[in-house]
Every structure is written in C-alpha cells, then in structure tokens.
Amino acid sequence: MKTTGGTDDQKRRAGERAAELVSDGDVVGLGTGSTAAHAIRALGQAVDDGLDLRGVPTSFDSRALAREAGIPLRSLDEVDGVDLAIDGADQVDEDLQAIKGGGAAHAREKVVDAAADRFVVVADPSKVTEALSRPVPVEVLPDAHAAVERDLTDLGGEPTLRRAERKDGPVVTDNGNLLFDCDFGVVDDPASLATGLSGLPGVVEHGLFVGLVDTVYVGTDDDVEVRRRE
Ligand SMILES: O=C[C@H](O)[C@H](O)[C@H](O)COP(=O)(O)O
C-alpha cells in the first residue's frame, strides 16, 4: 500500500537536502521507501567524495541500496548511538505526527528513528495534511492475527490484512510477521491511539510516530520547505 502522490523530483529534492545535514563521523539511520532512497544515494555519493559515516539500515531494501551505494553499514547494536535518521513517511500532520509503514518497514524504522538524536522526515507535498487519516499499519505476530483483528475492531478500527501483490497470501514483513492496515478515519488523538495499539498483545509495532519527528523536509517543484517541531 504505497503512496504515489508526489513526483520523483520532489522526493529527490527533499532526500538530497536532508543528506546535506550529515557531518563527518556521523552514524546515520537510513530510512526506507522511494524518498529516503534519494537520501541514501546522495550519502553514497558523499562517501565517494570522502565523507566518513556509518549507516544503520531500517529494512532489507535500505540495506541493499546502501551497500550498492558504498555506505559502510552497522547494525543498531554495533553503534553507541545514532546522530541523525532520515526517513520517509506516508502522512505527516501539522504537529509533525506521522503515519509510516506503507512499505511494511515501520517496526525497524521506529527503533532506528527513535534512537536518533535528530529524526528528519523527507516527503513530497502530498504527504502533508492537516490531520492523520490514512489506515495505520499494524505489524502482528502471525499466531496472534485473529485475536489482534478483533482487538483492533474493538478499538474502533477497520483492519484489513495486507495481501501480497505478486504471491497468493499475505505480506510477510522483514521480521516474519503479518500486517493489518487499520482504518480509524481521521485520528483525533494520535497519542492515545498509539498507546492503545501498543497495549494490544500480539502487536509488534504500529505505524503511528508520535513525538518522534524533529523536522520535515518537504520537496516542492523548485525548493525544499522545512517544518520544525515546536
Ligand atoms: O514502510 C515504509 C516506510 O515507512 C516509508 O518510509 C514510507 O512508506 C514512505 O515511503 P515513500 O517515500 O516511498 O512514499
């Protein structure tokens, strides 16, 4: 369930500008998705040009892309901390609360993004909305999926098991789990919904990112708009 509203140029502008934030010696969280990919490629170029950095990937795909780009990689337990994480989002509201997980990567993304001293979201204008309203991705242990489906409905959501496009059956995450996209309509109180989702037995991680994003770089047709959390 990928979003395709923005143009690749807008995404590239955001990703490349965010990559400029990286300083020599930094440990950088490498996000997942088509916008973060532009940052990864720009960082690969910077490494070629002599910048010293280590990347912590957030998914199978971001690891593969970073390797191809020549970025030295570490896992989260091999570093003392993360200076900066650059990651995409499916939706960001005016308070910089976000929904992630359109590519099913939000569990690892949240661990890395939350560990960062500074977390920058890169996005195109189609991602920025007044309130959060997209279905929230919820990764679940396979054995718990029926129970979690009931719990999500009790929480007021309409869960849909995400199905694979080119295989019969469900999407299996990089962690070997299943995924619901749970429609809550407009999310009036993302913090309280996040607490509710985190409390459900069998839920590995959900895609609501509340109080984590420091800055959003929105790539436009000719510039990058920067939004900071107040
Ligand atoms: O699971 C995927 C991630 O949360 C992505 O960062 C998110 O889906 C945004 O991806 P894109 O930049 O391709 O729209």
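Tutor: Start with a term. A helix here is a DSSP run of H or I, at least four residues long, and helices are numbered from the N terminus. Keep in mind that this is a predicted model.

Student: What happens just after helix 3, at Gly70?

Tutor: Gly70 takes a positive phi there, of about 85°. Helix 3 itself spans residues 60-69.

Student: How do I read the sides of a helix? Which residues of helix 3 are buried?

Tutor: First the general idea. An α-helix has 3.6 residues a turn, so residues three or four places apart point the same way. Now the case. Ser62, Arg63, Leu65 and Ala66 are buried in helix 3. Viewed down the axis, these buried residues fall within an arc of 170°, so they line one face of helix 3.

Student: Which residues are exposed on the other side of helix 3?

Tutor: Ala64 and Glu68.

Student: And what do the buried residues of helix 3 pack against?

Tutor: Three elements: strand 1 (27-30), helix 2 and strand 2 (54-57).

Student: Let me try helix 6. Which of its residues are buried?

Tutor: Helix 6 runs over residues 190-198, and its buried residues are Pro190, Leu193, Gly196 and Leu197. They cover an arc of only 120° around the axis, which means that they sit on the same side of helix 6. Turned away from that buried side is a face with the exposed residues Ser192, Thr195 and Ser198.

Student: What covers the buried residues of helix 6?

Tutor: The cover includes strand 7 (136-140), strand 10 (203-206) and strand 11 (208-209).

Student: Now strands. How should I picture one?

Tutor: In a regular strand the side chains alternate between the two faces of the sheet. Take strand 6, residues 116-123. Strand 6 is mostly covered, with six of its eight residues buried.

Student: In what sense do strand 3 and strand 6 pair, and over how many bridges?

Tutor: Strand 3 (residues 82-87) pairs with strand 6 in the parallel sense, over five bridges.

Student: How many bridges join strand 6 to strand 12?

Tutor: Four, and these two strands also run parallel. Strand 12 covers residues 215-219. Look there for Thr215, which stands opposite Val120.

Student: Where does an annotation come in? Which residue does "active site" cover?

Tutor: Glu109, according to an unreviewed UniProt entry. Such annotations may be inferred rather than shown by experiment. Glu109 has its place in helix 4, residues 106-115.

Student: Is Glu109 buried or exposed?

Tutor: Apply the cut-off: a residue is buried if 20 or more other C-beta atoms lie within 10 Å of its own. Glu109 has 32, so Glu109 is buried. Setting aside residues up to four places away in sequence, Glu109 touches Gly31, Thr32, Thr58, Asp87 and Lys100.

Student: Which residues come nearest to the ligand?

Tutor: Gly33, Thr35, Gly88, Gly102 and Gly103, out of 20 residues around the ligand. By class, this shell has eleven polar, five charged and four nonpolar residues. Helix 2 (34-48) and helix 4 each supply at least two residues of the shell. The largest share, three residues, comes from helix 2.

Student: Where does Gly102 lie?

Tutor: In the loop between strand 5 (98-99) and helix 4. Gly102 is buried, because 25 other C-beta atoms lie within 10 Å. For scale, Gly102 and Thr195 are 93 residues apart in sequence, and 20 Å apart in space, C-alpha to C-alpha.

How values were computed:
Residues are numbered from 1 along each chain as its sequence is written. This is a predicted model: local features need pLDDT of at least 70, side-chain atom pairs count only at pLDDT 80 or more; totals for chains, interfaces and linings use all residues. A residue is buried if 20 or more other C-beta atoms lie within 10 Å of its own, exposed if 12 or fewer, and partly exposed in between; C-beta atoms are placed from the backbone. Two residues are in contact if their C-beta atoms, placed from the backbone, lie within 7 Å. Two strands pair if DSSP finds at least two bridges between them. A residue is near a molecule or strand if its C-beta atom, placed from the backbone, lies within 6 Å of it. Ala, Val, Leu, Ile, Met, Phe, Trp, Tyr, Cys and Pro count as nonpolar, Asp, Glu, Lys and Arg as charged, and the others, Gly among them, as polar. The arc is that of the directions from the helix axis to the C-beta atoms.
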